[in-house]
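I wanted to keep each entry to what I could look up.

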Amino acid sequence: MSPVSSRRSRPRRPDPADSTAHAPPARLFPPPHWPLLPRLRRPFRAVFLPRRLCGGAAAAAMLRPPRRLPRPPRRAATAATGPGRRLLLSTPIFYANGPPHIGHLYSALLADALHRHRGLRGAGPGRLSTGTDEHGLKIQQAAAAAGTSPPELCQRVSGLFRQALTQAAVSFTDFTRTSEPRHQRAVRHFWGALRDGGSLYKGSYEGWYCTPEECFLPESQLTERRDAQGRPCKVSLESGHQVHWTKEENYMFKLSAFRDPLQKWLQDNPHAISPDPFYQCVLRWLEEDLPDLSVSRERSRLPWGIPVPSDSTQTIYVWVDALVNYLSVVGYPETHGEWWPAAHHVVGKDILKFHAVYWPRIFVHSHWTVHGQKMSKSLGNVIDPFACIGQYTLDGFRYFLLRQGVPERDCDYYDEKVVKLVNSELADALGGLLNRSTALSINPSNTYPCFSESCFPKVLDYRGTKGMGRASAEDYEFVASVASLPLQVASYFEGFQIYKALECIALCVRQTNGFFQRHRPWKLDRKDPAEQLWLDTIIHVTLECLRVYGTLLQPVIPHTADKLLSRLAVEPEERGLSSLTFLPRYHGKPCPFEGRQLGPDTGILFHRLEKSGRHQIETKKL
């Protein structure tokens, strides 16, 4: 077939006389040995990040789906994150052909915030896994271009990723490298399970192959352009990467047998993939043909990978290899049952197809662009996370990515945006509020002052109230907003909408500043007992708000939150989410902080940022 043929790429099926070629795949294991999705009692989720679509279908199709599949809970994470339950959270394993950028860091920070939030809730044992994907043609080619060997390149790049995640305070418990013996052993076992279950056959495959994306692309995902020499060529419609016509013999996975069951399962379980636009996208994919998947490559062309067991001429497809990391990290095939099926995955929208079709149960988030352009080495606009952390501080950059990252649409990065947001919400609003409410001129005793019920009496329903005591109607509305904040934040974290949780916190911080400014405690006369009661109440309410904000912000800005809570003399054992209460004295209950001496003044909570030069955030070169 000509490389410019418009025919859809497809596998050439073996002789129909072979009775095993078209037989539906059998179950690979008797339950509960195999924990993949169609048999899960509890669902796993994945959070998607920005890269290109590639394959993950081998996992979902590992076994024949039963007639009735489990229905996920209405609220995404509740089933897997109840009290005392184990949970594996994971990032994608990052491809080791180049240094990390902010897209990688964003993925890791999402998972880290979820992991920290769950730990503060006391929800049970948890693990956070990450790592590097070190096999495939891209690695092989990148090593050759760098004048080194694939193992040496992977050792260096994997070290950069580990360094970046450590420097960004990502609290990972496991770091997987696909070149490790434990992972390779798991992949070989996984392949054997596919083979023994009748899910594999050997056939000829031809189609348009995209090396940067490590996958075959159908005609519908291609367009024609001209290369650097002005010659017409085909490129990926989404990424612009050039594709080449490839024909070879490899092992095929019987993915087509799973199209109808998977389609029905997703239709019955609309919360399996979110946000909804990505769920609809996957359903549209399943309305088209779902051809069998090529799951090996000729070893003469791709020696850098795991050999197919019992066939030294073939290398296991890099995406089959990579997806098994979610199992190898928890001890597959022996001990993974302790953690599966309660697993949540954080990944990018570019690998949606590999996870949503091949390894279903996903939450998807979009890309980071730079001044509206996709990050690209050729454009010189790839953002280096090391430089960003140095420029904006660790917590400043963590806050920016998690506050601005929106799952439904691409997010744009530029220096002025980081500086403006971080200065406004961390340095001025949050830091300024702490500084004003703990200043010796306002609080000379340096204590958590008492709350006066006569100044701020409780009302059964703040709506419609005109204010009581010294408190205004606006004050009651503000206090009600802060009181509802912990549950609101928990709900958004459970739905993987961290940016909405931070939006709510930022709004309440602004309301608290408004409360403080409205009543001008610095104008009150301390010599008047009534004025002193109201002054103490204003400060008490403000410090209670700050305590709530510091507690809720721990998963996002851990160092700044620790500094804030230490200033308020909140002990480590008092920083959990499960027992977080707000303004108990308003409800007539004792407040353990009332009268407590505040912690030492360590200065400004968060220093204002200065605008950086663009040259300071160019990516590192290998």
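The entries below go from the whole chain to single residues.

**Entry 1, overall picture.** I noted at the start that this is a predicted model, so I looked up the confidence before anything else. The pLDDT averages 83 over the chain, and 82% of the residues score at least 70. Over residues 1-82, however, the pLDDT is below 50, although this stretch has 297 contacts beyond near neighbours in sequence. Residues 614-622 also stay under 50, with 30 contacts beyond four places in sequence.

I found 17 helices and 21 strands in the chain, and of its 622 residues 61% count as buried. Taking the contacts between residues at least 6 apart in sequence, I saw that 79% of them join residues at least 24 apart. The accessible surface comes to about 25100 Å², and 51% of that belongs to carbon and sulfur atoms.

I then turned to α17, residues 558-567, whose buried residues are P558, T560, A561, L564, L565 and R567. What do the buried residues of α17 pack against? I found α2 (102-121), α12 (394-404), α13 (415-438) and α16 (529-552) as their partners. Just after α17, A569 has a positive phi of about 65°.

My search for disulfides gave a count of 0. For C591, the nearest cysteine sulfur is that of C450, 9.2 Å away, and C591 is in no disulfide. C591 counts as buried, at 9% relative accessibility, and C411 is buried too, with a relative accessible area of 4%.

The whole structure holds 19 aromatic pairs. Why is the pair of W208 and W245 called edge-to-face? Their ring centres are 5.1 Å apart and their planes stand at 80°, so the pair is edge-to-face. Because W208 lies in strand β7 and W245 in strand β11, this pair ties together parts that are 37 residues apart in sequence. W208 is buried at 4% relative accessibility, and W245 is buried at 18%. F253 and F258, with centres 6.1 Å apart and planes at 10°, form a stacked pair, and both F253 and F258 are buried. I also noted a cluster in which ring pairs link Y106, W368, Y392, F397, F400 and Y413.

Last, I looked up R86, whose charged end sits over the ring of W339, 4.9 Å from its centre. R301 lies over the face of Y209, at 5.6 Å from the ring centre.

Key. Residues are numbered from 1 along each chain as its sequence is written. This is a predicted model: local features need pLDDT of at least 70, side-chain atom pairs count only at pLDDT 80 or more; totals for chains, interfaces and linings use all residues. Side-chain values use heavy atoms; hydrogens and water are left out. Helices (H or I, at least four residues) and strands (E, at least two) are DSSP runs, numbered from the N terminus. Buried means under 20% relative accessible area, exposed over 50%, partly exposed in between (1.4 Å probe, protein chains only). Contact means heavy atoms within 4.5 Å. Accessible areas come from the Shrake-Rupley method with a 1.4 Å probe; for residues, only the protein chains shown count as cover. pLDDT is the predictor's confidence in each residue, from 0 to 100. A disulfide is a pair of cysteine sulfur atoms within 2.5 Å. Rings of Phe, Tyr and Trp (its six-membered ring) pair if their centres lie within 6.5 Å; planes under 30 degrees apart count as stacked, over 60 as edge-to-face and the rest as tilted. A charge sits over a ring if NZ of Lys or CZ of Arg is within 6 Å of the ring centre and within 35 degrees of the ring normal.
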